[in-house]
Amino acid sequence: MSKKPAVIAKSKPAPKSVAKPKEQPKPAVKEKAPAAPALPETVVVGQPHRHDSAALHVRGAAAYIDDLREPEGLLHVAPGYAREGARGTILSIDLSEVEKAPGVVRVLTAKDIPGQNDCSPSIGGDPILADGEIIFHGQVIFAVVAKTRDQARRAARLGKIRISARKPVVTADDAVIRSSDDVLPEYTFTRGDVADVIAKSGSMLVDSFLIGGQEHFYLEGQIALALPDDNGGMLVHSSTQHPTETQHNVARMLGVPDGNITAECRRMGGGFGGKESQASQWACLAALASHHTGQPAKCRLDRDDDMIMTGKRHDFRVTTETAYDSTGRITGVNVEFLSRCGCSADLSQGVNDRTMFHADNAYYYPALRIHSRRLRTDTVSNTAFRGFGGPQGVLFAERLMEIIAFKSGKDPLDIRKRNLYGKNRDITPYGQVVTGNLLPEVIAQLEESADYRARREAIAAFNAENRIFKKGISLTPVKFGISFTLTHMNQAGALVNVYADGSVQINHGGTEMGQGLYTKVAQVVAEVFGISLELVRITATTTGKVPNTSPTAASSGADLNGMAAKRAAEQVKDNISNVVCRDWKVPKSSLVFKDGQIISGERSMSFGDACKRTTQARLPISATGFYATPEITWDRVKATGRPFLYYAYGAACSEVTIDTMTGEMRVDRADILHDAGKSLNPAIDIGQIEGGYIQGMGWLTTEELVYDGEGRLRTHAPSTYKIPCASDTPADFRVALFESQGNIEDTIFRSKAVGEPPVMLATSVWTAIFSTIAGLGQGAIPALDAPATPEAIMHAIKSVRA
């Protein structure tokens with residue numbers, strides 16, 4: 001494979017794009033922000049190595065939990081719930097028919113839990129099995145343990161549950177009107193006297209719109225396999241982003257020390273945040289069945305049950321009053337985010353805080369009030385989803401830019417540039433200074449490479465000539481903070497084992513869900529030792545090797561685990577170096593680890609021989625490494641500090657076509673330029689950018705969650721819930737990495753996180769739709785919510801034409 005990273009993803013041109021596609025120039029703009037120190041040239045890091053499981057994936061040979069060889073005596077667990085009713089008191093539970101069903105070994109209820117009946121990641125309120133009360137439709141009340149999965153699922157439908165039902169609170173608007181019982185306290189960022197600024201402004205706008213939620217729709221559903229040992233312990237294979245939390249919840253449920261439980265995950269078939277906290281319940285049910293029967297037990301949810309029983313991306317009602325001057329520059333923003341959190345807190349504090357952190361996106365608000373309510377509804381508890389609340393904040397900011405541009409008659413891109421962070425305008429609503437701001441360069445480069453101005457003119461001409469089909473184009477930026485905002489979670493551990501023949505095994509706290517984390521960390525270790533990537537073997541994430549880990553989330557997997565693995569490898573490298581220097585009588589500074597050799601002047605030794613010598617010298621060639629993100633602080637009470645180590649930047653330009661008779665929409669072309677610092681693996685990073693954009697596009701255009709008035713999810717299968725498919729990908733799809741000198745912060749090889757920010761690049765699709773519809777009316781702001789489904793588009797078109 002070529003050692004030169006291919007930073008541009010090639011694709012076929014789209015004949016349906018208005019302007020003739022222009023060949024994309026190579027990135028030429030350099031950072032004008034403080035430059036990162038020069039790094040030595042890397043050999044393994046920075047190269048487009050394939051994903052470690054790529055060949056296994058395409059052959060269908062990658063082993064997920066349901067592919068593991070089933071042990072003798074394996075039992076299967078299926079959840080049971082009340083088919084009717086979303087909120088109410090349980091009057092009676094008749095499980096007699098369930099117990100008599102073929103193959104049933106045991107039926108479990110809340111009274112069978114020996115320890116704590118809760119699997120919450122935070123302040124409680126998430127019972128493993130309902131006890132006396134149900135708080136949302138689909139809440140698990142009992143679990144069937146049977147000899148086959150089919151038997152368990154069939155038996156689970158035989159339970160007879162009587163409920164004294166109450167009218168459920170379903171939407172955010174319902175919660176505001178009917179309830180004051182929020183799941184968490186309100187929270188606010190303020191700066192200046194925003195009410196006075198708005199009152200005295202010559203130009204202001206009032207706006208309100210809805211942002212929908214999103215189903216994770218991971219390809220591998222929720223699953224866990226519990227294996228009891230002969231001494232009161234248990235190994236739990238779980239499709240989880242957070243093995244330590246799974247371990248803790250299982251132990252707490254069984255009333256045993258954490259050390260009795262080992263949680264392990266080799267790979268997930270997707271997670272996207274839906275397996276950060278929500279995987280624990282199914283691991284607990286498998287473990288509870290194993291505990292009571294003494295046999296192995298597996299719990300794998302059916303897709304419909306998975307969608308009904310697990311949380312989604314938070315949806316919002318957003319209302320704002322905003323003031324701006326005659327040039328379109330914002331002078332004051334007063335915004336309220338009403339978040340539908342569901343029946344419990346889960347991760348809603350962090351998610352909603354992150355919405356507030358990104359309500360500015362890339363823009364400076366001189367005076368502001370950003371207010372958040374975390375509303376309780378009688379629906380499944382919403383949870384983490386890629387971006388962790390940030391995408392909702394970004395969508396608000398970009399809609400704001402579109403409305404100001406529309407009302408002032410200016411190009412939306414010019415309004416965006418006018419409001420960007422800059423000199424003397426660099427303090428965020430939460431008090432952090434914006435550093436290393438690459439957006440002016442990123443936007444300028446993308447504006448040129450995407451031929452934005454010429455295409456905008458061509459689109460205007462097309463729209464003037466066509467009555468039914470209308471086109472639009474939008475270029476939007478992203479500024480996304482990288483770190484957990486819960487400061488103590490910014491830590492990681494790793495174990496690096498080197499063997500006497502020079503081969504290596506690594507283990508760390510990060511989990512692999514298809515994003516290429518294992519490959520990146522292996523590249524880091526191979527780089528430290530100067531060996532080929534093929535010599536580094538990746539092993540399953542397990543609490544038995546690296547304990548007390550943080551979840552793989554917040555885009556920080558490579559930042560944290562890569563640095564921990566690097567530190568462990570450097571300890572081993574130091575021991576090897578000491579032995580070589582002793583034998584050769586040379587200074588350590590003269591040693592070079594390269595191409596599987598250790599070199600000093602004219603002398604050389606293979607890495608394997610050096611490892612063997614080190615073991616003979618009775619020095620360890622195994623080490624643990626630990627990393628805690630430096631320089632981050634966050635005082636949540638005072639709402640000030642530095643919650644993020646750095647920002648990742650990017651921009652996207654999307655062109656759409658709308659059928660104004662049906663509301664159907666097509667994305668014709670997408671141009672993306674994204675900042676990954678010094679990319680650890682350009683091929684994997686480009687894949688993440690492409691996937692994030694498409695997932696974000698689905699959230700904003702086709703993926704609609706529909707609940708009925710009784711709180712029942714009606715879109716709980718792919719027949720009714722529409723994720724993007726291959727044909728929805730833009731025919732002309734251009735993705736490039738911004739040519740960077742590297743992160744100004746001392747991150748792993750000066751790279752930047754790339755997991756979550758690309759989701760927000762798809763905001764440009766929604767704003768392109770918005771601006772297209774705005775051009776159809778006579779001055780009315782389009783009543784367009786998200787997602788912009790055909791029905792929503794038609795509603796918005798009617799709103800501006802009326």
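## A salt bridge between domains

The side chains of D685 and K520 form a salt bridge, with 2.6 Å from N to O. The term covers a side-chain nitrogen of Lys or Arg within 4 Å of a carboxyl oxygen of Asp or Glu. The rule finds 1 salt bridge across the interface of domain 1 and domain 2.

This is a predicted model: local features need pLDDT of at least 70, side-chain atom pairs count only at pLDDT 80 or more, and totals for chains, interfaces and linings use all residues. Residues are numbered from 1 along each chain as its sequence is written, and side-chain values use heavy atoms, without hydrogens and water.

## The two domains

Domain 1 spans 1-35 + 435-486 + 632-802, and domain 2 spans 491-628. These bounds come from an automatic or database domain assignment. Over C-alpha atoms, the domain centres lie 37 Å apart.

## Buried area

About 1500 Å² is buried between domain 1 and domain 2. Carbon and sulfur atoms give 64% of that area. Buried area is the accessible area (1.4 Å probe) that two parts lose on being put together, summed over both. In domain 1, F484, L680 and I748 lose the most area to domain 2. Together they account for 40% of what that side buries.

## The domain 1 side
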